[in-house]
Amino acid sequence: METVKMLVGSVAEIDPKGSRLVRVNDMEIALFRLSDGEILAVENKCPHKGGVLSEGMVCGRMVHCPLHDWRIDLRSGAVQEPDTGCVATFPVEVDPEQGLVFLRVSTGVPS
Ligand code: FES
């Protein structure tokens with residue numbers, strides 16, 4: 001699949017240890033800003049029962065699902081033991097001079 005680089009907002013729009021929801025190609029993607037400033041993006045849907053991850057609490061590089069507290073690694077998308085599963089992750093690029101956040105997302109078109 002081809003990917004495109006898409007502007008989704010600015011760093012300033014995401015509070016430290018907070019999140020921001022964006023919609024890309026009919027999919028909800030949650031952007032998280034870690035306490036060290038790193039920005040990571042995952043599908044905004046918990047693999048357990050669809051909890052809204054952008055409403056979860058960020059701790060380190062994990063987000064705690066707001067429904068049943070599953071922990072999900074925002075870098076790998078992996079659910080932490082003893083639970084299992086994963087969410088899609090998306091590459092994030094930040095323009096440090098302009099403070100802009102870009103996502104690399106699939107166009108759905110075979111390359
Ligand atoms: S829906 Fe996320 S832990 Fe249950």
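A residue is called buried if 20 or more other C-beta atoms lie within 10 Å of its own, exposed if 12 or fewer do, and partly exposed in between, with C-beta atoms placed from the backbone. By that rule, 27% of the 111 residues of this chain count as buried.

Before I go on, some housekeeping. This is a predicted model, where local features need pLDDT of at least 70, side-chain atom pairs count only at pLDDT 80 or more, and totals for chains, interfaces and linings use all residues. Residues are numbered from 1 along each chain as its sequence is written.

Now the overall layout. The chain has ten strands and zero helices. Here helices (H or I, at least four residues) and strands (E, at least two) are DSSP runs, numbered from the N terminus. In sequence order the pattern reads β-β-β-β-β-β-β-β-β-β. The radius of gyration is 14 Å, close to the 13 Å that the globule rule gives for 111 residues, so the chain is as compact as a globular protein of that length. That radius is taken over C-alpha atoms, and the globule rule is 2.2 Å times the number of residues to the power 0.38. Along the principal axes, the C-alpha atoms fill a box of roughly 40 × 35 × 20 Å.

Next, contacts. Two residues are in contact if their C-beta atoms, placed from the backbone, lie within 7 Å. Among contacts between residues at least 6 apart in sequence, 43% join residues at least 24 apart.

Which residues have the most contacts inside the largest nonpolar core? They are Leu31, Phe32 and Ala41, in a core of 23 residues. A nonpolar core is a set of buried Ala, Val, Leu, Ile, Met, Phe, Trp, Tyr and Cys residues joined through C-beta atoms within 7 Å. Strands β3, β4 and β10 (100-106) each supply at least two residues of this core.

Take Leu31. It is found in strand β3, residues 27-33. Leu31 is buried, because 25 other C-beta atoms lie within 10 Å. Beyond four places in sequence, Leu31 touches residues including Val8, Ile14, Val22, Ala41 and Val101. The C-alpha atoms of Leu31 and Thr84, 53 residues apart along the chain, are separated by 22 Å.

Then Ala41, in strand β4, residues 39-43. Ala41 counts as buried because it has 25 C-beta neighbours inside 10 Å. Outside four places in sequence, its contacts include Ile29, Leu31, Phe90 and Leu103. Arg20 is 21 residues from Ala41 along the chain, and their C-alpha atoms are separated by 9.5 Å.
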